[in-house]
Amino acid sequence: MIGIGLLLFLLLTATGILLVRNLFAVVILSGIYSLLMAGTFTILDAVDVAFTEAAVGAGISTVLLLAALGVVGQEDRGRNRRALIPIAVVVLAGVMLIYAVPEMPPFGSPEAPIHVHVAPQYIEETPSVIGIPNVVTAVLADYRGFDTLGEVTVIFTAGIGVLLLFAGRRRKYK
Amino acid sequence: MSVLGNFNYVIAITLSMIGLYVLIERGNLIKKLVGLNVFQSSVFLLYISMGKIDGGTPPIHYEGIAPFSNPLPHVLILTAIVVGVATLSVGLALVIRIRDAYGTIEEDEIQALDAESGGTE
Amino acid sequence: MSEHLILRVVIKFLIPFIFLFALYVQAHGDYGPGGGFQAGIIFSVGFILYGMIFGLQRLRRVVPPHLILALMAFGLLLYTGVGFATILLGGTFLDYGYLSHDTVHGHHYGIFLIELGVGITVASVMIAIYQTFTARAEETTDENVGTG
């Protein structure tokens with residue numbers, strides 16, 4: 001029940017992001033959106049993900065967006081173009097995806113293909129092979145350690161990229 | 001299975017379409033990035049919804065607790081969130097650099113400036 | 001922002017607890033929710049909060065940019081270093097079992113070390129990005145004051 005309420009609030013916040021013109025309000029709405037998303041993740045049993053989303057989405061992302069707003073100003077001057085093509089593309093894609101939803105395995109069913117492949121093996125083996133209770137950490141750091149190495153490299157590269165983009169002298173626009 | 005039984009998936013799709021619309025239709029570059037964030041989070045919601053099992057608990061072992069929800073999507077999304085903030089920061093840095101070069105972050109104004117200076121469009 | 005007395009006092013009081021919580025999340029990732037990614041973010045939040053209240057100059061004195069750059073690389077090198085250490089000890093890349101005589105203990109050490117590497121890299125990258133952005137924001141404000 002709480003889950004459905006949170007999902008509806010998510011929808012409301014996303015609509016707000018779509019309609020509001022003031023960029024400061026948009027940034028705060030996106031922080032609220034991330035916090036609601038973290039709540040939804042908790043209800044869906046993904047506590048690690050909820051933790052990360054609350055810290056990253058509602059915390060760091062908002063701070064970075066606000067820092068950027070300090071440079072670029074908070075006015076969204078662009079006209080709403082109301083072009084037909086974007087609406088048509090979005091509605092068409094949405095209808096096609098929703099048409100495919102009934103083909104998905106039922107929500108919460110333990111027999112869904114995703115639950116019968118490698119996941120049971122990870123859950124069963126973790127206490128004896130890795131020796132730690134948190135399966136998510138075990139998969140993240142041990143079974144799929146190579147993936148995580150890639151992710152850390154991506155973050156490192158992003159940091160270097162931001163530093164390089166601001167290095168060097170900047171040319172003033174006319 | 002009815003569409004309503006898969007309510008989470010429908011919401012995830014709607015959110016992603018709102019995000020996509022903001023991303024392709026709004027001219028302001030900061031707003032585009034927020035739209036990208038919404039789009040991205042909707043995919044996270046889709047993945048985490050798939051990992052849920054009825055009556056499941058968070059996948060942390062403790063005596064007498066079972067069944068667990070699927071830990072695999074959790075791992076994928078956990079790293080994706082942190083990579084998401086990394087890409088967001090690179091995007092913001094690019095937006096600030098674009099403002100340095102053009103003095104505006106509105107897409108149509110940038111295109112007008114490009115056309116004026118005889119850009120290679 | 002330096003005149004906000006209440007904020008300054010409260011933040012000074014809060015920052016040690018934020019760091020303590022970050023260390024708890026870092027070390028306790030095996031047993032509860034948490035791990036290197038979350039701990040790194042929380043750790044950087046402590047510094048960012050300090051920078052927001054006391055200004056970029058003081059933040060730069062606390063964590064100099066060259067230290068941040070070194071730590072960014074150090075975290076990643078620690079991670080890959082664990083991988084190469086397991087190769088040298090006779091295993092394959094990131095096969096933690098070889099880090100100790102007991103395989104399960106080896107996995108413990110391996111996970112602890114690579115989570116530490118993840119945490120250090122994430123925290124220092126976030127602090128570096130925040131420092132760069134706010135440095136630019138302050139430049140822009142100076143320009144506006146100068147011209148207007």
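## Largest cavity

In this predicted model, the largest cavity has a volume of about 120 Å³, a volume being the space filled by probe spheres set on the grid points, which are joined across faces, edges and corners. A cavity is here a set of points, on a 1 Å grid over the protein atoms alone, where a 1.4 Å probe fits but cannot get out, and lining residues have an atom within 4 Å of a point. The structure holds three cavities of 30 Å³ or more.

Lining the largest cavity are 17 residues, with A:Glu53, A:Gly57, A:Ser61, B:Asn37 and B:Gln40 nearest its centre. α2(B) supplies the largest share of this lining, six residues (helices are DSSP runs of H or I, at least four residues, numbered from the N terminus).

## Interface of chains A and C

The contact (heavy atoms within 4.5 Å) takes 40 residues from chain A and 45 residues from chain C. About 3800 Å² is buried between the two chains, with carbon and sulfur atoms giving 78% of that area; buried area is the accessible area (1.4 Å probe) that two parts lose on being put together, summed over both.

## Basis of the values

Residues are numbered from 1 along each chain as its sequence is written, while chains are lettered from A and ligands numbered from 1 in the order in which they are written. In this predicted model local features need pLDDT of at least 70, side-chain atom pairs count only at pLDDT 80 or more, and totals for chains, interfaces and linings use all residues, whereas side-chain values use heavy atoms, with hydrogens and water left out.

Terms used: 1 Å grid on protein atoms, 1.4 Å probe; cavity = no way out; pocket = protein on both sides within 12 Å on 5 of 7 lines; lining within 4 Å. Helix = DSSP H or I, 4+ residues; strand = E, 2+ residues; numbered from the N terminus.
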